[in-house]
Amino acid sequence: MTDQAYNFAYLDEQTKRMIRRAILKGIAVPGYQVPFASREMPMPYGWGTGGVQVMAACLVPEDRLKVIDQGADDTTNAVSIRKFFARTAGVAVTEHTTEATVIQTRHRIPETPLKPGQILVYQVPIPEPLRFLEPRETETRKMHELEEYGLMHVKLYEDIARHGQIATSYAYPVKVESRYVMDPSPIPKFDNPKLSGNPAIQLFGAGREQRIYAVPPWTEVVSLDFDDHSFHASKAPHDCDLCGSSHSYLDEVITDDQGGRMFVCSDTDFCEGRRARGMKGRLWAPEPEAAE
Amino acid sequence: MYVAVKGGERAIDNAHQWLAEERRGDPSVPELTIPQIREQMKLAVNRVMAEGSLFDPDLAALAIKQARGDLIEAVFLIRAYRTTLPRLAASYPVDTGAMAVDRRISATFKDLPGGQVLGPTFDYTHRLLDFALMAEGEPSDTPSPPEEKGRSEGQARVPHVTSFLNRDGLIETADPSDATPPDLSREPMELPADRALRLQALTRGDEGFVLSMAYSTQRGYGRTHAFVGELRIGTVAVEVDIPELGFAVEIGEIELTECETVNQFKGSRTEPPQFTRGYGLVMGQSERKAISMSLVDRALRWKELGEDFTGAPAQDEEFVLMHADNIQATGFLEHIKLPHYVDFQAELELVRKLRSEAMAMQEAAE
């Protein structure tokens, strides 16, 4: 089967229209989970089929695409999805946040601030923020309808009673425009403040669970907390060992079996950009053959 | 010191190449052909067609070959292909009463119109390894070919067993409906689901899952006291309206397995005592799945029949329907092997913080 046997960006136009309707509804009702007839995609559920379908519905031939997984452009799944769209849509690709028109992400928001006109597409495993408090979809939909979020506040309160703080470090629940409680996908809570007032369109796709939701530009997104236990965006208390950044989210890399470790930016484009501008971290030593 | 890990792309290409080699296996052994798989691995082909929701034995055989015999992976290949196909037309409902049956048995009546037709079944084989097959000779107990095959052309309609019971009012009526059934491959699943949607989810659901759900009802978790009223396997004609012609044309035939169970029912506030029905219909020859499906179907009907919800998993529509699809299940399960560095890092920081606070408190207490 040749690539010509498939439509632009893989999905047929009827399916794209159906997905676009769901996206538009999501944008009209920020934070509300819109059911959509998710299709089987040629990658497994759990690999980002929701994000891929949203992406397929958004792409136009002039787009420039960036795909990250864990903040990095070169993780295997990011490579695989980028290749998929390069092949089925023939669009330009980039690793630079500033150059991309559409960015698909798994688990991170890029460090470089987004601009108006950009679209950030999140891959979502479990779109329902209340799912682990109430397993039934029929119940959770009712709770959203009635804005009945007491259960979530009780959970957060119990965390504080037990641990002295809210023990959720990623997929930290947020409230969108003072109405819907939303799961921001499994981004670290460090990224939560970037959700709010963001000039880009933020779209969330959950393929297996058949839900799309959205945060339109300049929307207020508040991480749930209490007056006396306010939300705190946390990260490893280090600077990046490659670029020296003190305000980016860090991955911990184990370097030997003697407890040696280093911390590096999870956002590879951000880190490389800083190094290209001459900023250096504790352990940065460019190797000639490693330069790409 | 540290060289950023690059080369995901090359690693993927190499992995694919290795996979292709592994799929082929030892090149001195002749390669399997699609017709060989289609003809000699027919039950595997049937399962892939049923759970892939696409009746095409050649493509199912290709998927099995490409998936190295991993049937769920093969189902996935078929689903991903199916989803790209345009819908040209909807067929008329197939008429299983007009099925050309290869096998038709009833566990509720010793003999009945249409007869008991055993057909090609494992049921009464002794499960002894036949080493003649390994020696690639003829199987040891090959009988001489029968004079005539069980099926004869122009066979009369084989009436459904449940229709005999229905005549006496002993079983609930299943009123025909012209309502267009919902299609969960085109619409998101909405709960509560009607029976047609439940049956669609079950027929493409994972055979192992549906089997276990059905088994659990037999062991007391939502007991429905099922008898196999009838199990039939055979081919039915598929008819489609051709708008240009203005009449329906038979475009081919498909093999189906249909199971109707007859279930005990003691009556409720609204219904007199009578038997009730469970229904299973699966593409290809797949009797385990069809029987399982009819048991689960019956268990899920507790609400409309005014029965009690006992908390059994097989009675729980949301539990059954949301977890029956093996492509969804395997995808979500296996995705946890993808990188989760970022979330794990966040958890690491949290646990470190909680630990240091707990240890500080412990020290202060001492």
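**A walk through chains A and B**

Let's start with chain A, where buried residues make up 48% of the 292 residues; a residue is called buried if 20 or more other C-beta atoms, placed from the backbone, lie within 10 Å of its own. Keep in mind that this is a predicted model, where local features need pLDDT of at least 70, side-chain atom pairs count only at pLDDT 80 or more, and totals for chains, interfaces and linings use all residues. Residues are numbered from 1 along each chain as its sequence is written, while chains are lettered from A and ligands numbered from 1 in the order in which they are written.

Chain A has seven helices and twelve strands, which are DSSP runs (helices: H or I, at least four residues; strands: E, at least two) numbered from the N terminus. With 292 residues, a compact globule would have a radius of gyration near 19 Å, and the 20 Å of chain A agrees with that. The radius is taken over C-alpha atoms, and the globule rule is 2.2 Å times the number of residues to the power 0.38.

Now for chain B, which is split into domain 1 (9–82) and domain 2 (96–119 + 156–174 + 183–324), with bounds from an automatic or database domain assignment. Their C-alpha centres are 30 Å apart.

So how do the two chains meet? The contact takes 51 residues from chain A and 40 residues from chain B, where two residues are in contact if their C-beta atoms, placed from the backbone, lie within 7 Å. On the chain B side, α13(B) gives the largest share, eleven residues.

Definitions and conventions
A residue is buried if 20 or more other C-beta atoms lie within 10 Å of its own, exposed if 12 or fewer, and partly exposed in between; C-beta atoms are placed from the backbone.
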